[in-house]
Amino acid sequence: MSPNQNLKQLVVTYDSHKTDATTLSQFAIQGTTVFDSFPVLSFDCDERNIDAIRAMNGVINVHVPRFRLYTKILWYFDQLCQLPEEKRAGISVVNLSSSPGLYHFCEAEPMNVATRAAAEKGFVIVVAVGNEGPAENTLNPWSVAPWVIGVGAADCEGKELWERSSVGAPGDPLYHPTVVAPGKDVPVLIAPDAYRMRRHGTTVASVALSAIKEQGEALQSGTSLATPLVSRICLYIMKFIEALYITDRLLKEVSQSGTLDLQDAMWLSKIEPLPHFLSELKAHGVGYKLNFSPFMVRQIIEAMASPMECYTTHQIGAGFVDDHVAESYLTRFSPREFLQFFGEGRVDGSFIDQLYKSVGSLVPSEFVVTEIIERVRKQAVVVDCSIYE
């Protein structure tokens, strides 16, 4: 046996207070990679040293990945986490239509450490749950983390779960998809002469953003096809929250300066009755905070999901979402939903009922379509971490 046949790629999570990358890299034979945004080190070593590395003081997790592109995905997350705020504004969602195989979720696994670091930086992480169903407890372990959005696949009508969509464990509060989306017989744009066997994932451009021109079309199925559709819905939600924030900021500027330029006045008129609603909250001393977080995006997408008859949480999570579900939910977003997600402190129920009667939905349907959905399709950016073999 040659020495190279005895090598394994290791990806190690460690406690930087107890050990450091230099100490661990002493085991490296080749390919050492140190990540700056999270305490993870990747390297090749002799597999006979794996137990010794596991026993080292400060080593939290030693992972032996199934494919060597594992480190490349970590590198993408590392680079995203290092982006300065001004450059990060154009990148909102990371789409991970890939699965490492079936094993138990471990919070300390390097990939989960990386996705958590990215979520804490404000990125929404959307992960395919896998195509290992219908057996129970077959979720992609990367999709289980509570700081990501795990996506299963259903038919386009939201009536049936795709037969191979991975499912969780009945009664387990963690092991279930977040939502399911269309992933059965989805039209996918492909080059006419392209090799059609999709090994891992698919591109966001071909499914979610439809950015590839002059290509053929084929029908494919899989949770990796449902995932970019949910990535797009996450962008709708983020654009919606941004519209709420802009409106609130303009109203505060008006109250301070007493003036408003024409462009801002046109914005407020387009998004009415939201300005009236926010003014009513202020007049009655009702506090709210329009903050954004990936966790809030997950909450909102769960709230909009439609139930699917005969399916339970461990199979479909909160339920089915698609563009129509998202548009309908954002169009009828009411004072009750606003205070549920952004309100601070308790609010009298009769006051909410009164607000609902006076304003109804907060944002006009035309605004949702033209200023949110259409703009997302034209402008928004998703980072795609699909893997091909």
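User: Is Asp51 buried or exposed?

Analyst: This is a predicted model, in which local features need pLDDT of at least 70 and side-chain atom pairs count only at pLDDT 80 or more, while totals for chains, interfaces and linings use all residues. Residues are numbered from 1 along each chain as its sequence is written, and side-chain values use heavy atoms, with hydrogens and water left out. Buried means under 20% relative accessible area, exposed over 50%, and partly exposed in between (1.4 Å probe, protein chains only). Because its relative accessibility is 57%, Asp51 counts as exposed.

User: Which residue forms a salt bridge with Asp51?

Analyst: A salt bridge is a side-chain nitrogen of Lys or Arg within 4 Å of a carboxyl oxygen of Asp or Glu. The closest N and O atoms of the pair are 3.5 Å apart, and the partner of Asp51 is Arg54.

User: Where do Glu253 and Arg249 both lie?

Analyst: Helices (H or I, at least four residues) and strands (E, at least two) are DSSP runs, numbered from the N terminus. The side chains of Glu253 and Arg249 meet in a salt bridge at 3.0 Å, N to O. These two residues, four apart or about one turn of the helix, both lie in helix H7 (residues 223–257).
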